[in-house]
Amino acid sequence: MIIYARVIVMNKILVLDTTLRDGAQGEGVIFSLEDKIKVIRALDDLGVDYIEAGNPASNPKDAQLFKYAKSGLALKNSTLVAFGSTCRVNSSALNDEGLSALVESGCGVASIFGKSSRYHVERVLMCTPEENLRIISESIAFLVSRGIRVFFDAEHFFDGWLYDADYAVATLIAARDAGAESLVLCDTNGGALISTISAGVSAAIQKTGAHIGIHCHDDAGLAIAASMAAVEAGANFIQGTINGYGERCGNANLCTLIPNIAFKLKRQCLDPEKIRLLTPTARLISDIANLSMNERAPYVGRSAFSHKGGMHVDGMLKNASTYEHIDPEAVGNRRRYLVSEMAGRTALMTRLSTIAPDLEKNSPDTIRIIDMLKELEREGYSFEGADGSLKLRVLGALGKRRVFFQVRDFHVISRLPDDNINAQAYVKVLVNDQVEITADEGDGPVNAIDLALRKALSRFYPTLASMRLKDFKVRVVSGIGTASKVRVHIESTNGKNVWATVGVSNNIIEASLIALTDSIEYMLSESL
């Protein structure tokens, strides 16, 4: 019997996701208005308590988003939060455009940040410590008087606490007394040590008696550990982003932080059934952001529960808890056994049993499949990260591979670049005794043949419209110089699932075509 850590519900830890605000400040992260709406709906399905959607006063896109939300963005589980800052130095909250925009956003909750570091007050705001306390107090009181719940983000709190602890706490007290519902301590520079986080949170709770939150950046690689330390010290409110997106090195990654709090600290932050949506949510938002998923990410990466070494696989088959710290299904992931020369027959049989459950370890079919895979590996194939091609080869060896189409002919023409279109591809395919001949243009020969192939097949299989190539890798596996044999490994997605296939040839175009046809065939076999 496998026993994994169970969640023991004590007092709930609230979760605020700031992917659309702080996460959007990360390099390479760009969300359109439509993207933002998709992300909001995904986070709502995940069940986070609060979604910080942006600053309505900072740019037209955010203003448009809040206008759209105000007109009817119905959320089932989450509350939308608008972000802004305290009013300007030597000005009134009543006349501040940013605060007015928060009111007009229609959100019932606002996060506003203010300086908690005396050093920053004097060197950045260029005002007196007393004036900073005034603008914190006035800004929060103004929003509260308009019926808005306020979270106060104490910017640079931990640096400020080390510099002048009394003043850092004074900013919290000013925010609390003005009506802030939660005081969020921010490690804005992302460099605070765990001991500093623990001591700072404990001091804030002791001095203010308020509801304390934590907001960490990952510049020292400590955002997850620091956030957990804050919770252990008494914080009941965590902030972070999906996949750790954010400025510089990113924010605390909620895809790691949420299950750590649930399964390691045994505190409820999301409904356990919602946590099962974590992996598909991480992948969906990665896809929306058009960024490659970190496949070695804890909990949600494809490698998080992948097993390769023979001893590991043997232990897993006897008791999964020997090499897995939680059940992968608890976060919506799955266990994978990698096929390689290191895995041994036990690991290979475990993988084959998921493809063909009737196979026996010493049956003629099994021996023949193993010999076939060894020969393919000798030719340069590697199925370690190409589950799609592995499944097709095994089904083919058993006579169970369904033939959806055949590529009868193809050729590719490359030419000088012209508006990023520098290649043309022609393909001739056979589908159910019908011949389809199609040509297309692309950015490079592989892109061109990918587009032409799917264009030719889409008339027969409309579902291919949702498929796209996600990653493409080429590696030389044998030979000398340009005559070498190459292995092409590709990842494809339909927006929900990701699968990998492989092709090997002396001709890089042919190797690519093998991997592409495998990818299309695998998708069709899984969906039809």
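View 1. Arg-134 is partly exposed, with a relative accessible area of 26%, where buried means under 20% relative accessible area, exposed over 50%, and partly exposed in between, using a 1.4 Å probe and protein chains only. The side chain of Arg-134 meets that of Glu-138 in a salt bridge, at 2.9 Å from N to O; a salt bridge is here a side-chain nitrogen of Lys or Arg within 4 Å of a carboxyl oxygen of Asp or Glu. Glu-138 is partly exposed too, at 30% relative accessibility. Both residues belong to helix α5 (residues 129-145), in which they stand four residues apart, about one turn of the helix. Helices (H or I, at least four residues) and strands (E, at least two) are DSSP runs, numbered from the N terminus.

This is a predicted model, in which local features need pLDDT of at least 70 and side-chain atom pairs count only at pLDDT 80 or more, while totals for chains, interfaces and linings use all residues. Residues are numbered from 1 along each chain as its sequence is written, and side-chain values use heavy atoms, with hydrogens and water left out.

**View 2. Salt bridges that join separate parts of the sequence.** The count of salt bridges comes to 29. One of them pairs Glu-52 with Arg-21, whose closest N and O atoms are 3.0 Å apart. Because Glu-52 lies in strand β2 (residues 50-54) and Arg-21 in the loop between β1 (14-17) and α1 (33-46), this pair ties together parts that are 31 residues apart in sequence. Both Glu-52 and Arg-21 are buried. Another salt bridge brings together Lys-36 and Asp-62, at 3.1 Å from N to O; since Lys-36 is in helix α1 and Asp-62 in helix α2 (residues 60-70), the parts tied together are 26 residues apart in sequence. Lys-36 counts as buried at 4% relative accessibility, and Asp-62 is buried with a relative accessible area of 6%.

**View 3. A network of charged side chains.** Salt bridges link Arg-393, Arg-401, Asp-518 and Glu-521 in a network.

**View 4. Cysteines without a disulfide.** A disulfide is a covalent bond between the sulfur atoms of two cysteines, and the search counts a pair of cysteine sulfur atoms within 2.5 Å. Over the whole structure, this search finds zero disulfides. The sulfur of Cys-87 has its closest cysteine sulfur in Cys-127, 10 Å away, which is too far for a bond. Likewise, the sulfur of Cys-269 is 12 Å from the closest cysteine sulfur, that of Cys-255, again too far for a bond. Cys-87 is buried, with a relative accessible area of 2%, and Cys-269 counts as buried at 0%.

**View 5. Two nonpolar cores.** A nonpolar core is a set of buried Ala, Val, Leu, Ile, Met, Phe, Trp, Tyr and Cys residues joined through side-chain atoms within 4.5 Å. The largest one has 90 residues, and those with the most contacts inside it are Ile-140, Leu-143, Phe-152, Phe-157 and Ile-238. Helix α10 (residues 254-264) gives the most to this core, with seven residues. Apart from it lies another core, of 32 residues, including Ala-425, Leu-464, Trp-499 and Leu-516.
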